[in-house]
Amino acid sequence: MDSSSDSLKSIYKRASLSAINFVNKAKMTEHLFMIILAIFIGLLTGFGAVGIKYLIHLISDLCYSGEGNLLDNIINSPWYIKVLIPALGGLLVGPIILWFAPEAKGHGVPEVMQAILQKGAIIRPRVAIVKAFTSAITIGTGGSVGKEGPIIQIGSSLGSTVGQFFNIPSSRLKTLVGCGAASGIAAAFNAPIAGAIFAVEIILLDFTAKQLSPIVIASVMATVVSHTFEGNYPAFVVPYYELKSSYEIIFYFILGGLSGIVSWMFIKILYFFEHIWEEKIKIPKYMKATLGGLIVGTIALAFPQVMGTGYEYITIALSSNAVWTTALLLIFVKSIATSITLGSGGSGGAFAPSLFVGAMLGAFFGFFVHQFFPDVTADPGAYALVAMGGLVAGTVRAPLTAIIIVFELTKQNSIILPLMIVVTISMILSSKLSRESIYTLTLVLRGIKVKDTADYSILSSIHVRDLYDKNFVFVDEKINFSEVVYNIISKKQPSLAVLSQKGAYIGIISIDNIKEFILDSDELKHVLIAGDLADKNVPKVTLDDSLKTVFEQFSKCDYDGLPVMSGKDSSFLAGMIWRKDVDDAYQKELSRQQLTSDLATKLTLNNSSEDVHFLEGYIITEIDVPKAFVGKTIKDLNIRSVYGVDILSIKRPIQNSTDIKAIPEANHKFAQNEKIIVAGEAEKINLIKTI
């Protein structure tokens, strides 16, 4: 077994090396290379999406045979089939996920986000295979989940795998993962625009034009494949709806509020049941999905609509044919069934269930407003259609994706105005009720702070001692009000530090502290002193704090400067740090990292060992791993803080003595014969060479 595994790894390495050498010889630009990879990823994901849809249909047809659609076949199946088939699906899925790819459990998108935020966008290739089969089994046997989450994770895994094959640097690998995610949404829903927006709005959390180009290309290619095999049809065929009266806007505002509340409820129910299955149900993990399937099958005896993706009953609701009592109950029953399926260990997405719950909410609400105000309101189907977008926006916190995907799912542009209202209100209210989305809450519960890994990561690399102002203006606590005013105006600083007569820090005075007293300065000049005016509750920072801490402290107050103490327990003021300097340092570091990343990518792709000069005094170059680094990890060495340089790429030899490039990871242990591509000041890099 080990020898065959080693043989496969050897074949993979040789193939990867040949491909990289071919790219080097082609001497194509980085952007062109990324576009070519995006095309390839889009095609792969498109075929993968078509394959998983076919597999779902095949399994569902085997499990629930009949002449009608899936919902009709489930309704007409014997009761024991409805109960036992989902349990059988769980019995198959549980062990596969546990033994082969635990990250294939659940709805998939948080795992992709975690890979981007923490793992340099590296996703194991086997995830695509395991996710495809487990999701097809879960959905095909009646699990109450959607197919879009698995297809997103499969596409992302393919994007990561392609990037790893060509040893693409981490910054560009994230874009390829975004290409896979965009392709997944595009192929799942025949929605290329929504796919691209989803990738940049949710998966990458940020984007530039350079990132967007390959993502759009990949999304289009996946859609082309989907159209070729499945036709260019909207996912839901609905009657023509439009805003019937300007008065109807009032009802859509109400629907937006209800969508926000139900979105919050859906998130709470999902994570409540996940906690129950994880902490309270004490049975072997591989058996939990079986029990979950059994419970969902039992629920389906009364509500067969909850099984599978639920597209058939969504279509009924969009055609204004849903019974309002059934729609009302399904809001809650579908939320519970989906939570049980995912919490117990099933594999599938939460996106389609959000659409389902939204459609039921809209059908229920639309029935009543149309009953009481038939002359100024559209049919219930219009409200079901708009509420689908409201639930997506409220659960996922992606308003653009919600608006675009509902439009592309139905090809109805007449409902854009009410859709925008409902989406906006829903997202605002849901955000007020719960800070995290249905995806980011998973990451937060795992101890991952999404913001920290984005903008804050840049601020973490800079410390107060590198930026604080030692030449700050301070005044004695005993000076009178007139002198305080004079110092603020004459010194042209937004804030003054107030020190005691022994030199201890007391507080801060800003122009805002004194502006209400300035007109009465003559009367107050001998009454108020600096010690009275000083704000003693201004947040403090120390010389050893990072700018991340400074940024967090600035968010707690309106001051333009914060006092810098020499130590946590010290009363000695070392200086001031200004908000403007923090912003400038952040922008400079952001530009530097982007520039070094671009140059390092070109250096890596061109296999060049020459120094690349950028900014003033900075270079990117390739050096041998210092002897002092051998056997230690990047994390152990704390290279950025200790040596003042960044490691952008690693090269290691293989059997035929040709270097292969590797993506740097914090836990990578240096070997004696490796080379590293580093960026930093020339003097510091030269110093490392002598270690």
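Student: Is Thr440 buried or exposed?
Tutor: Thr440 is buried, as its relative accessible area is 12%. Buried means under 20% relative accessible area, exposed means over 50%, and partly exposed lies in between, with a 1.4 Å probe and protein chains only. Please note that this is a predicted model, in which local features need pLDDT of at least 70 and side-chain atom pairs count only at pLDDT 80 or more, while totals for chains, interfaces and linings use all residues. Residues are numbered from 1 along each chain as its sequence is written, and side-chain values use heavy atoms, with hydrogens and water left out.

Student: Where is Thr440 found?
Tutor: Thr440 is in helix α19, residues 440–445. Helices (H or I, at least four residues) and strands (E, at least two) are DSSP runs, numbered from the N terminus.

Student: And which side chain does Thr440 join in a polar contact?
Tutor: The side chain of Glu436, at 2.8 Å. A polar contact is a pair of N or O atoms within 3.5 Å; within protein, one must be able to donate a hydrogen and the other to accept it, and residues adjacent in sequence count only if both atoms are side-chain atoms.

Student: New topic: how many aromatic pairs are there?
Tutor: The count is 17. Rings of Phe, Tyr and Trp (its six-membered ring) pair if their centres lie within 6.5 Å; planes under 30 degrees apart count as stacked, over 60 as edge-to-face and the rest as tilted. One of the pairs is Phe47 with Phe229, which is edge-to-face, with 5.7 Å centre to centre and 75° between the planes.

Student: Which parts of the chain does that pair link?
Tutor: Distant parts: Phe47 is in helix α2 (residues 30–63) and Phe229 in helix α10 (residues 209–230), 182 residues apart. Phe47 counts as partly exposed because its relative accessible area is 46%.

Student: What about Phe364 and Phe368?
Tutor: They also form an edge-to-face pair, with centres 5.3 Å apart and 75° between the planes. Both Phe364 and Phe368 lie in helix α15 (residues 351–372), 4 residues apart, about one turn of the helix. With a relative accessible area of 29%, Phe368 is partly exposed.

Student: Which residues do ring pairs link into a cluster?
Tutor: Trp324, Phe364, Phe367 and Phe368.

Student: Last one: which ring does the charged end of Lys334 sit over?
Tutor: The ring of Phe356, at 5.0 Å from its centre. A charge sits over a ring if NZ of Lys or CZ of Arg is within 6 Å of the ring centre and within 35 degrees of the ring normal. Lys470 likewise lies over the face of Tyr468, 4.8 Å from the ring centre.
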